[in-house]
Amino acid sequence: MSRSNHLKVIDPREHLSKLSALEESYTAMLDIHCVDTEKEMKERDERYFSSLESAGWLSTMGACLRLAEQAADDLVRGKTVVIKDEDGRTLSILLSSLVMVMSGEC
């Protein structure tokens, strides 16, 4: 078997939406959960699930979890997995952390 069969390179940008979408969904999640008054908390509580859905956080995290699961499966099967990110600071760190947890490497 050739070495290339043991190597899997993952570019998160090919599988996930833009990094700005991740940042926007994270910011929206913060806005949902950061309240100043009890009245504001009650108002947000009434529309919590619709706000959560519109933030895009759940779908973004779902996509990250699916990609990390694929990478963890490859790792467990003996492949070398390289997560190649444009800046090496955001998606690669998130995905690498998820892969480590899923594969029991932490």
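Visitor: Is S103 buried or exposed?
Guide: S103 is buried, at a relative accessible area of 16%. Buried means under 20%, exposed over 50%, and partly exposed in between, with a 1.4 Å probe and protein chains only.

Visitor: What are we looking at, an experimental structure or a predicted model?
Guide: This is a predicted model, in which local features need pLDDT of at least 70, side-chain atom pairs count only at pLDDT 80 or more, and totals for chains, interfaces and linings use all residues. Residues are numbered from 1 along each chain as its sequence is written, and side-chain values use heavy atoms, with hydrogens and water left out.

Visitor: What pLDDT does the protein average?
Guide: The average is 80, and 86% of the residues score at least 70. pLDDT is the predictor's confidence in each residue, from 0 to 100.

Visitor: Where is confidence lowest, and where highest?
Guide: It is lowest in α2, with a mean of 74, and highest in strand β2 (residues 80–83), at 90. Helices (H or I, at least four residues) and strands (E, at least two) are DSSP runs, numbered from the N terminus.

Visitor: Back to S103. Which helix is it in?
Guide: S103 belongs to helix α6. Its side chain comes to 2.8 Å from the backbone oxygen of V99. That is a polar contact: a pair of N or O atoms within 3.5 Å, where, within protein, one must be able to donate a hydrogen and the other to accept it, and residues adjacent in sequence count only if both atoms are side-chain atoms.

Visitor: And what does S103 touch, leaving aside neighbours within four places in sequence?
Guide: A72, L75 and V76. Contact here means heavy atoms within 4.5 Å. With sequence neighbours within four places left out in the same way, V99 is in contact with A68, A71, A72, L75 and I83.

Visitor: How many residues are in the largest nonpolar core?
Guide: That core has 19 residues, and L16, L95 and V99 have the most contacts inside it. A nonpolar core is a set of buried Ala, Val, Leu, Ile, Met, Phe, Trp, Tyr and Cys residues joined through side-chain atoms within 4.5 Å.

Visitor: Which elements give two or more residues to this core?
Guide: They are α2 (19–33), α4 (48–55), α5 (57–76) and α6 (91–103). The largest share, 8 residues, comes from α5.

Visitor: Which residues of α4 are buried?
Guide: S51, L52 and A55. They sit on the same side of α4, because they cover an arc of only 100 degrees around the axis. The arc is taken from the directions from the helix axis to the C-beta atoms.

Visitor: Which ones are exposed on the other side of α4?
Guide: F49, E53 and S54. F49 counts as exposed because its relative accessibility is 68%. After α4 comes G56, with a positive phi near 80 degrees.

Visitor: Different topic. Where does R44 lie?
Guide: R44 is in helix α3 (residues 38–46). A polar atom of its side chain is 2.9 Å from the backbone oxygen of C34. Apart from neighbours within four places in sequence, R44 is in contact with D31, I32, H33, C34 and V35.

Visitor: Last one: what pattern does the protein follow along the sequence?
Guide: The order is β-α-α-α-α-α-β-α, with 6 helices and 2 strands. Of the 106 residues, 29% are buried.
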